Amino acid sequence: MELHLSSHRYTHRSPDWAAAAVAGFVACAFFSAVEMLMVLLVTGQSPWVPPRMVAAIVFGPGILNQPATFDVSIVAMALLVHAAIGVVLGIVLGAIIAPFRLDSDIVTVSIAGGVFGLVVYIVNFYVMTQIFPWFMESRGWAMLAGHLIFGAFAGYMYWVLRQMDDAGAPT
């Protein structure tokens, strides 16, 4: 497929909102699982540290002083918060991808998603840390890589879901 630069100029085109929301949710769930595994394997810390940090957004930073063990209420809150963030980020990504037709092919949509993940990392770890300072300790290459992968995977999932939706659409 030949790619023309003019094919990526702004046009009025609505995203597939459902595909965007599901793509963000799935990518965030994947990111959360990989993040917990990376914390365990790379740092040797408890895999329950990241869910505590996310749950502290709602429960407050006091829960960070407790032992980083499994706690159903903390994990459930972390899942809810991460799911909500994932859906919102997926919708934002879809709102960026659709009007510029960045979903024309898998490479373009994945690169656009990766760039989006970079922006999310910067916002999360250099802007939102003004409100949630406990995330400062997570700045670094591992989180940067995780956010790049999150964005690329969200873009890819959006593309896949759009392809499935287009295949099922009546002609």
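Start with the charges: the mean positions of the 6 positive and 9 negative charges of the protein chain lie 7 Å apart. Here Lys and Arg count as positive and Asp and Glu as negative, with His and the chain ends not counted. Each charge is placed at NZ of Lys, CZ of Arg, CG of Asp or CD of Glu.

This is a predicted model: local features need pLDDT of at least 70, side-chain atom pairs count only at pLDDT 80 or more, and totals for chains, interfaces and linings use all residues. Residues are numbered from 1 along each chain as its sequence is written, and side-chain values use heavy atoms, leaving out hydrogens and water.

Now show the cartoon. Helices (H or I, at least four residues) and strands (E, at least two) are DSSP runs, numbered from the N terminus.

Next, select Ala55, Ile97, Trp134, Phe135, Phe150 and Tyr158. Of the 36 residues in the largest nonpolar core, these touch the most other members. Such a core is a set of buried Ala, Val, Leu, Ile, Met, Phe, Trp, Tyr and Cys residues joined through side-chain atoms within 4.5 Å. Buried means under 20% relative accessible area (1.4 Å probe, protein chains only).

Color the helices that give two or more residues to this core: H1 (17–43), H2 (49–59), H3 (72–97), H4 (106–127) and H5 (141–168). H3 gives the largest share, seven residues.

Finally, zoom in on Tyr158. What does Tyr158 touch, leaving out residues up to four places away in sequence? Its contacts (heavy atoms within 4.5 Å) include Pro15, Asp16, Gly94, Ile97 and Asp103.

Technical notes:
Buried means under 20% relative accessible area, exposed over 50%, partly exposed in between (1.4 Å probe, protein chains only).
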